[in-house]
Amino acid sequence: MAEDTLYNAMLLDFYGPLLTEKQREYFDLHYNSDYSLTEIAEESGVSRQAVWDNITRARRTMEDMERKTGLIRRFEDQEQIHRELEEDLHKLEALSDEPARKILREMEEKLQKLKG
């Protein structure tokens, strides 16, 4: 469940600008704000089916773009590599002498800058 929530948030972050305003709004309310279809429909003055159709189209659009570009997959891969490099640096720091530790700390700082 938490992975689905994260994936939905990432879809919207990466590909939300490609959606119509309604698609983006309904998707966000349903998946990120946990509104029911009925709540969204009542608030927007449309049918539950209209809300569901917009959410379904939004998901299809975003997943199609993910299949074509792989941005989320590449982002997750980079995050995993970053975590592994940080772990490796900490292991090396424990094993190395002081000059090497200094270089390792500098490398770690550079990795942090990359992460943002």
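Student: Which residues do ring pairs link into a cluster?
Tutor: This is a predicted model, where local features need pLDDT of at least 70, side-chain atom pairs count only at pLDDT 80 or more, and totals for chains, interfaces and linings use all residues. Residues are numbered from 1 along each chain as its sequence is written, and side-chain values use heavy atoms, without hydrogens and water. Rings of Phe, Tyr and Trp (its six-membered ring) pair if their centres lie within 6.5 Å; planes under 30 degrees apart are stacked, over 60 edge-to-face, the rest tilted. The cluster joins Phe14, Tyr15 and Phe75.

Student: Why is the pair of phenylalanine 14 and phenylalanine 75 given its class?
Tutor: The ring centres are 5.7 Å apart. The planes of phenylalanine 14 and phenylalanine 75 meet at 65°, so the pair is edge-to-face.

Student: How many residues apart in sequence are the parts that this pair ties together?
Tutor: Helices are DSSP runs (H or I, at least four residues), numbered from the N terminus. Phenylalanine 14 lies in helix H1, and phenylalanine 75 in helix H5 (residues 71-95). The parts tied together are therefore 61 residues apart.

Student: Is tyrosine 15 buried or exposed?
Tutor: Buried means under 20% relative accessible area, exposed over 50%, partly exposed in between (1.4 Å probe, protein chains only). Tyrosine 15 has 2% relative accessibility, so the residue counts as buried.

Student: Over which ring does the charged end of arginine 59 sit?
Tutor: A charge sits over a ring if NZ of Lys or CZ of Arg is within 6 Å of the ring centre and within 35 degrees of the ring normal. For arginine 59, the distance to the centre is 5.1 Å, and the ring belongs to tyrosine 31.

Conventions: Helix = DSSP H or I, 4+ residues; strand = E, 2+ residues; numbered from the N terminus.
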